[in-house]
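User: I would like to learn how to read a structure like this one, feature by feature. Please give the general idea each time and then the case at hand.

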Amino acid sequence: MKPDDELCLCFHVSWRKVINYIRVHRIQRPSQLAECGGAGTGCGWCRKQLERLTHLVTEVPPPSDEVEQWLADRSPNKEIYAQGRSKYRQELGLEDRPSDRSS
Ligand code: FES
């Protein structure tokens with residue numbers, strides 16, 4: 001994953017935006033990230049990653065000049081992540097539309 005790839009595919013919220021939001025707002029609980037562009041409030045696929053990222057950024061903050069490598073070492077493959085979401089949505093009986101904002 002690259003920082004500008006989407007972490008929340010429902011609301012098009014990037015990994016970079018979530019990382020910065022966690023840092024700036026000193027997020028303690030993933031549910032607080034709903035204020036970050038609605039991340040995690042759609043189909044729910046990204047919630048595990050939001051939880052994981054909240055913990056990681058708090059415990060091992062990325063150096064500001066090495067966010068790309070920090071994220072590459074700690075995030076899933078972009079295509080596999082998107083495929084997982086498609087399968088997850090199908091299992092829930094949701095249409096698989098990347099830009100779907102409602103679930
Ligand atoms: S991918 Fe984030 S709520 Fe669906």
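User: Where is His-12 found?

Analyst: Helices and strands are DSSP runs numbered from the N terminus, a helix being H or I over at least four residues and a strand being E over at least two. By that rule, His-12 is found in the loop between strand 1 and strand 2 (13-14). Keep in mind that this is a predicted model, in which local features need pLDDT of at least 70, side-chain atom pairs count only at pLDDT 80 or more, and totals for chains, interfaces and linings use all residues. Residues are numbered from 1 along each chain as its sequence is written.

User: What is the phi of His-12?

Analyst: Most residues other than glycine have a negative phi. His-12 has a phi near 55°, a positive value in a residue other than glycine. Arg-26, in the loop between helix 1 and helix 2, also has a positive phi, near 50°. After helix 4 comes Gly-93, with a positive phi near 80°.

User: Are His-12 and Arg-26 buried, partly exposed or exposed?

Analyst: Count the other C-beta atoms within 10 Å of the residue's own, with C-beta atoms placed from the backbone: 20 or more is buried, 12 or fewer is exposed, and in between is partly exposed. His-12 is partly exposed, because it has 15 other C-beta atoms within 10 Å. Arg-26 has 9 and is therefore exposed.

User: Which elements does the protein have, and in what pattern?

Analyst: The protein has four helices and two strands. Along the sequence they follow the pattern β-β-α-α-α-α.

User: How do I read the overall dimensions?

Analyst: The radius of gyration is taken over C-alpha atoms, and the globule rule is 2.2 Å times the number of residues to the power 0.38. For 103 residues, a compact globule would have a radius near 13 Å; the protein has 13 Å, so the two agree. Along the principal axes, the C-alpha atoms fill a box of roughly 40 × 25 × 15 Å.

User: Which residues have the most contacts inside the largest nonpolar core?

Analyst: In soluble globular proteins, nonpolar side chains tend to be buried together. A nonpolar core is a set of buried Ala, Val, Leu, Ile, Met, Phe, Trp, Tyr and Cys residues joined through C-beta atoms within 7 Å. The largest one here has 20 residues, and Leu-7, Cys-8, Val-18, Leu-33, Ala-39 and Cys-46 have the most contacts inside it. Strand 1 (6-8), helix 1 (15-25) and helix 2 (47-59) each supply at least two of its residues. Helix 1 gives the most, with five.

User: What is Ala-39 in contact with?

Analyst: Two residues are in contact if their C-beta atoms, placed from the backbone, lie within 7 Å. Leaving aside neighbours within four places in sequence, the contacts of Ala-39 include Leu-7, Cys-8, Phe-11, Val-18 and Leu-50. As for contacts between residues at least 6 apart in sequence, 54% of those in the protein join residues at least 24 apart.

User: Why do the buried residues of helix 2 line one face?

Analyst: Start with the residues: Gln-49, Leu-50, Leu-53 and Thr-54 are buried in helix 2. Seen down the helix axis, the buried residues fall within an arc of 140°, so they line one face; the arc is that of the directions from the axis to the C-beta atoms. They pack against strand 1 and helix 1. On the other side of helix 2, Lys-48, His-55 and Glu-59 are exposed.

User: What should helix 2 span?

Analyst: The expected span of a helix is 1.5 Å times one less than its number of residues. For the 13 residues of helix 2 that is 18 Å, and its end C-alpha atoms are 18 Å apart, so the values agree. Helix 4 (residues 78-91) has 14 residues and reaches 20 Å from its first C-alpha to its last, close to the 20 Å expected.

User: Which residues does Arg-85 touch?

Analyst: Arg-85 is found in helix 4 and touches Leu-9 and Trp-45, not counting residues up to four places away in sequence. Arg-85 and Leu-9 are 76 residues apart in sequence and 8.4 Å apart in space, C-alpha to C-alpha. With 20 other C-beta atoms within 10 Å, Arg-85 is buried.
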